[in-house]
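Subject: Handover of a structure

Dear colleague,

Please find the sequence and the structure below. I would be grateful if you kept them open while you read my notes.

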Amino acid sequence: MKLVDKIVEGVQNKKGQHITVIDLRKLEVKPCDWFVIAEGGSNIQVTAIADEVEDYVRKELREKPFAIVGRENAEWIALDYGDVMVHVFQREARQFYDIESLWADGKVTEVED
């Protein structure tokens, strides 16, 4: 999906790490069709990644997120594009919430750093 690809490129532009894409389309109950999950090394990097995803996707596809939450402390910023949810974590928060395990019934793809 083009939106997912552009989101991944935006994450990579700011050196986001451990990018995981989860395809949820075949699940009966799901909050969206795709998750893109990544991490940054600090709250500054997490914010930079989220900002880059927002700017890059707007520039490339003319799409804006419906909502963005988590910018206050930048441990976990979520961008809601409707069919695609982007989660940018600091490592500790990502390990704590472990979204990949919660949605492991979807098709999980690891993107090389």
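This is a predicted model: local features need pLDDT of at least 70, side-chain atom pairs count only at pLDDT 80 or more; totals for chains, interfaces and linings use all residues.

Residues are numbered from 1 along each chain as its sequence is written, and side-chain values use heavy atoms, without hydrogens and water.

Helices (H or I, at least four residues) and strands (E, at least two) are DSSP runs, numbered from the N terminus. Two strands pair if DSSP finds at least two bridges between them.

The sheet is open and has 6 strands in the order β3-β4-β5-β2-β1-β6, with mixed pairing. Strands β3 (67-69) and β6 (107-111) stand at the edges with a single partner strand each, so one side of each has no neighbour in the sheet.

How many residues of strand β5 (residues 84-90) are buried? The number is 7 of the 7, so β5 is largely enclosed by the rest of the structure; buried means under 20% relative accessible area (1.4 Å probe, protein chains only). V84, V86, V88 and Q90 point one way from β5, and M85, H87 and F89 point the other way.

Strand β2 (residues 34-40) runs parallel to β5, joined by 7 bridges, and I37 stands opposite H87. Strand β4 (residues 76-80) pairs with β5 in the antiparallel sense over 5 bridges. Here A78 is the bridge partner of H87, and W76 that of F89.

Yours sincerely

Technical notes: Buried means under 20% relative accessible area, exposed over 50%, partly exposed in between (1.4 Å probe, protein chains only).
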